[in-house]
Amino acid sequence: MTCSRFRLSLTLVRVKDTAAALRDSGIQPSAQRVAVGDYVLHTAEHPSADLVWKRVREKFPWISRATVYNTLNLFVEKKLLQRLNLGEDSVVFDPITDTHHHFIDETTGAIHDVPWDRVQVCNIESLRDYEVHAYQVVMRGTVKPPRRKS
């Protein structure tokens, strides 16, 4: 799960100091939480909880899987991360919490961010039996190779 062509355009000035960002969100910055935040709040990936655990263990080898899961859930609750359910048994986390869509490359599995204004959804008002609070478009396909300049 890799970064996106649009990721930098979606990213505002991201978290400079993880501990300060946690405090600003009302989270006590323990060593474990900062270790998780150092990876997941700065990544260009859309990692699963297991990938977060694997990456954090490289620098913090004694962290438990349960601590990583609990920390990710806390970060979602405090709006530092988005939890994306992209399919059956496929949950990933996104540090970009601004509204945007996603494109999943079926060849590589890479998840690409798509700016909100690049996709138009019509006729939402026709869903009269539903009270729509939010939506997100998840597209699947393949990324076209770059065009060669002649």
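1. Helices (H or I, at least four residues) and strands (E, at least two) are taken here as DSSP runs, numbered from the N terminus. On that basis the chain holds five helices and five strands, which follow one another along the sequence as α-α-α-α-α-β-β-β-β-β.

2. The model is a predicted one, in which local features need pLDDT of at least 70 and side-chain atom pairs count only at pLDDT 80 or more, while totals for chains, interfaces and linings use all residues. Residues are numbered from 1 along each chain as its sequence is written, and side-chain values use heavy atoms, with hydrogens and water left out.

3. Of the 150 residues in the chain, 37% are buried (under 20% relative accessible area, with a 1.4 Å probe and protein chains only). Among contacts (heavy atoms within 4.5 Å) with a separation of 6 or more, 55% join residues 24 or more positions apart.

4. In helix α3, which spans residues 31-40, the buried positions are Val34, Ala35, Val36, Gly37, Tyr39 and Val40, and these buried residues pack against α2 (18-24), α4 (49-57) and α5 (65-77).

5. A pocket is an open set of points on a 1 Å grid over the protein atoms alone, where a 1.4 Å probe fits and protein lies on both sides within 12 Å along at least five of seven lines; lining residues have an atom within 4 Å of a point. The largest pocket has a volume of about 190 Å³, and its lining includes Lys79, Asp98, His100, Trp116 and Tyr135.

Methods
Points joined across faces, edges and corners; volume = space filled by probe spheres on them. Buried < 20%, exposed > 50% of the residue type's maximum accessible area, 1.4 Å probe, protein only.
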